[in-house]
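Me: I would like a close look at a single part of this model. Please keep the answer plain and give the cut-offs for the terms.

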Amino acid sequence: MKSIPSISNEINEEKIFDIINKNFSKLAPSYLNLITNWLIGAHKVYNGIDKFIILIYLINKDFIFFRKNGLIVDYDTFYKDKSLEIPKINISDISRDLLIPKESVRRKIELLQRKGVIKKTGKKIFIDRSGFITAKAEKTLKDFSTLVLVFSSILNEEKISNSFFNINQISNSIKINFSFCWYQFYKFLFIFTNRWKIDTDIKDLETICVGLIVFLNAAQDKKFKNKNLDRKKYLKEIQKSNYIGINAFSIAEISGIPRATVVRKLKLLVRNKILDIDKRKLYSVSVNVKSKQFKVIAELQDKNMKALSKFLYRVFNQIKVINSK
């Protein structure tokens, strides 16, 4: 380090929360893209998001160890040719932390063992190289970097920061600080997925994934995407836009989830008055602003945005300080 970074370079967490709320329409497409693509990628690895999220829960033990010991491990070093030794697998802890029933956790771990992803050698437990590579963060790194880039641009517009980082600088800085950044990302991801399970009747992650694809389809519509909206207006206005909905076949193609399963999950989301279906069998966002469901979704989003604020606060300050001159 050429010089000691100034504490004045740090951006206040509460200020970040206010900035996200004010500029939500600018941040939403990249935010929804990061979460939705991660869930899609997770499902495609083992045909089930829960199996993959259990795997990264175990991999995250390494990130927790690095964090506790003040270690920063870069991207290339972390993925260097090796297997990963993990502590004893505790079914009860995984069930509690991920809100997955114990028997389901047990079955999924047995499946990962049969696939050779998790291996036992004596009393030691390893995540095999093959499983380790499936969790490699190449696609997520791009989406993660894009989210930070958009956030950085918003900070410049708000005159909160006069530093500007391009996409390559951000990606490289995340790679240099990989164990720190991914610990924060997984922490946010676990909070995000658990919030949906706790606060709504949607208990499985595939249903959340299907719903987010519909939201993302709306968020990326050109006419709606150009609107400058705060967070409260965004959730209301996204339902009024004239964007074209998306059908079950397209969602199945995008997600890798079988079409029959997608249809069942879409019906659940329609029954819960989160989505609507028109005469052409196209699905769109539909939460009546005066309904109890809207209040539930709004309160859930409040909690998720606070978690997102903490996530961006910690990651951006790490990158910003490292790159400060």
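Is K159 buried or exposed?

Reply: K159 counts as exposed, because its relative accessibility is 74%; buried means under 20% relative accessible area, exposed over 50%, and partly exposed in between, with a 1.4 Å probe and protein chains only. The model is predicted: local features need pLDDT of at least 70, side-chain atom pairs count only at pLDDT 80 or more, and totals for chains, interfaces and linings use all residues. Residues are numbered from 1 along each chain as its sequence is written, and side-chain values use heavy atoms, with hydrogens and water left out.

K159 sits in the loop between α8 (138-157) and α9 (167-176); helices (H or I, at least four residues) and strands (E, at least two) are DSSP runs, numbered from the N terminus. The phi of K159 is positive, near 60 degrees, and the residue is not a glycine. Most residues other than glycine have a negative phi.

K273 is not a glycine, yet its phi is positive at about 60 degrees. With a relative accessible area of 58%, K273 is exposed.

For the sheet, β1, β3 and β2 form an open, antiparallel arrangement in the order β1-β3-β2; two strands pair if DSSP finds at least two bridges between them. β1 (84-86) and β2 (118-121) stand at the edges with a single partner strand each, so one side of each has no neighbour in the sheet. Four bridges join β2 to β3 (residues 124-127), and I125 in β3 is the bridge partner of K120.
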